[in-house]
Amino acid sequence: MYTCPEQKPSKHDLASMRSFVQEVLCFSWTAGIVLQAETLYYDLEAAPPPSGPNSLYLRPKHKPSKRDLASMRSFVQEVLCFSWTAGVVLQAETLYYDPEAASPPQAPTALFVLTLLQTLQTNGTHALVLDTFALKQQYNNTRQELSYALYAQDAASRVIARLIRERDATREALANVKASMNVTSAPTDVEMAEEDSTAGAPQEGALPKDIINEIDSAQRALSVTCKKRKVPSGYISPADVKNFTTKHTISSLHSPSPAGMTSIALSWLSLGQFLTGGNDKVVQLYDHGTDKVLASLKGHTKRVNHVAFCERDGEPTLVLSAGADKIARVWAHNTASDEYQPRATIRTHKGDSRGLGVHPTLTLVALLSLDRTYSLHELSGFTQVYHLAAFEDPLTALGIHPDGALLALGTPTSKIQICNVRTGGVAASILPPESTTGPFMINTLSFSENGYHLLAPDSLSSIAIWDLHKMKVAHSIALGDSFHRTWHAP
């Protein structure tokens, strides 16, 4: 839109048109419209120009001639185009271009806002903006869908966890009911063997010959010691026991939810230390001297039913536990770090592990389960050496004779089976007195130190001392009607 003038204007012409150029530039900058120069001239006689302090129009000194108007038309167009493009009001003489010195600049194609918008649309900018907007909308929608999916996944995980807890509680309650009602059907919850399981293949029948020889040697040595054992002088009498009072209460053992301790085992090598198993699935080692919990051993997924020590001079102490998750775990004491580290996991039985005992040889451990079987495992390599064929009744309690030759097995039908360790055969059966009404579950069994007597419940609220030579109750101790819950509820 730039045009070159036919001849260079004189200084008089430039001075004459300066006021008009200023007026043209001000008006075009204010209104945004490019007008011809002659249309911006206000005839003072026809109509006075606008006045006032805010007026942008300048009063011309004299009316230019037609030649002057024609001469400056090209300059005005050039001024308007340049001022509209660059937004700067320039003097007229600075906008003159000498064709001999330099060629005029190329005129822009967009003089108006609408023309500029049309240019952007034709060049693809409009489509690019729309695509960007669509992508942003899609991004926001994707984020919202992802948030909904995460919330749904979290809710589903919580529901699944709750259902698993309810399922486990239902199975546990069903197993207890079956045991109390003498239902001998095999459990349906069968776990697959894991690669890290230390239990070998079940063996039915007699023990290996080397194990039998070891048990015989221990029996001969221990039976002589047990028979010659006498009550030491100054031993606590029953009258003294009745006068016992509470001297210290430990309130920090195990979690309060679920609360309760299910078993305890005392250490004979480190006096003042004892193990406890709880409903919170944790095994804890407590030291009475320092009044501190030395170790909290985790790994069970259900409550711990039994705990035991295996202590031998010069060897690391072993801590054993059996739980309602059908698993027995072994931890070994590390003298370098003074911590108990996992040593073995035994997954032999298919039912709730209700009994755990270390054999007097200190080389074997016996496990007993609601699947109506018991098993023996070596403590050196934690391999299974014996697995008894199923009994008629589920097994709920385990006791090992001091000389290691006999096992006492409790049942939910009030019957106690005395078995030979070497063969697994039943050597004797102990039935409750005839005066007892209704069956009850045997949850604990304990032999005397000389092996002549067996402590076992004879009703829901009393315990009996059985004379194993005469196979009858030598003495019965009533514990009160409120004590039956402790014996009946596992």
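## Salt bridges in the chain

The structure contains 7 salt bridges, a salt bridge being a side-chain nitrogen of Lys or Arg within 4 Å of a carboxyl oxygen of Asp or Glu. Side chains of opposite charge can pair when their charged atoms come close. This is a predicted model, in which local features need pLDDT of at least 70 and side-chain atom pairs count only at pLDDT 80 or more, while totals for chains, interfaces and linings use all residues. Residues are numbered from 1 along each chain as its sequence is written, and side-chain values use heavy atoms, with hydrogens and water left out.

## A salt bridge within a helix

One of the salt bridges joins the side chains of Arg158 and Asp154, with 3.0 Å from N to O. Both residues belong to helix α4, which covers residues 125-180, and they stand 4 residues apart, about one turn of the helix. Helices (H or I, at least four residues) and strands (E, at least two) are DSSP runs, numbered from the N terminus.

Arg158 is exposed, with a relative accessible area of 59%, whereas Asp154 is partly exposed at 37%. Here buried means under 20% relative accessible area, exposed means over 50%, and partly exposed lies in between, with a 1.4 Å probe and protein chains only.

Asp352 takes part in a salt bridge with Arg303, and the closest N and O atoms are 3.5 Å apart. Asp352 lies in the loop between β8 (339-346) and β9 (353-358), and Arg303 lies in the loop between β4 (292-298) and β5 (304-310), so the pair ties together parts that are 49 residues apart in sequence. Asp352 is buried at 8% relative accessibility, and Arg303 is buried with a relative accessible area of 8%.

A salt bridge of 3.3 Å, N to O, also joins the side chains of Arg354 and Asp352. Both Arg354 and Asp352 are buried.

Which side chain does Asn305 join by a polar contact of 2.7 Å? The partner is the side chain of Asp352. A polar contact is a pair of N or O atoms within 3.5 Å; within protein, one must be able to donate a hydrogen and the other to accept it, and residues adjacent in sequence count only if both atoms are side-chain atoms. The side chain of Asn305 also reaches the backbone oxygen of Ser353, at 2.8 Å.

Asn305 belongs to strand β5 and is buried at 8% relative accessibility. Beyond its neighbours within four places in sequence, Asn305 has contacts (heavy atoms within 4.5 Å) with residues including Thr262, Ala322, Asp352 and Arg354.

Over residues 297-331 the chain is 0% helix and 54% strand, and the end C-alpha atoms are 8 Å apart.

His333 is found in strand β7, residues 328-334. The side chain of His333 makes a polar contact of 2.8 Å with the side chain of Asp338. His333 and Leu318 are 15 residues apart along the chain, and their C-alpha atoms are separated by 6.5 Å.

Ser462 lies in strand β19, residues 462-467, and is buried, with a relative accessible area of 8%. The side chain of Ser462 makes polar contacts with the side chain of Asp458 at 2.5 Å and with the side chain of Ser459 at 2.4 Å. Leaving aside neighbours within four places in sequence, Ser462 is in contact with Pro457, Ser476, Ile477, Ala478 and Leu479.

## The chain as a whole

The secondary structure comes to 7 helices and 20 strands. Of the 490 residues in the chain, 37% are buried. Among contacts between residues at least 6 apart in sequence, 49% join residues at least 24 apart.

The chain exposes about 28900 Å², of which carbon and sulfur atoms supply 56%. Accessible areas come from the Shrake-Rupley method with a 1.4 Å probe, and for residues only the protein chains shown count as cover. The structure holds 0 disulfides, a disulfide being a pair of cysteine sulfur atoms within 2.5 Å. Cys310 is buried at 2% relative accessibility, and Cys419 is buried with a relative accessible area of 0%.
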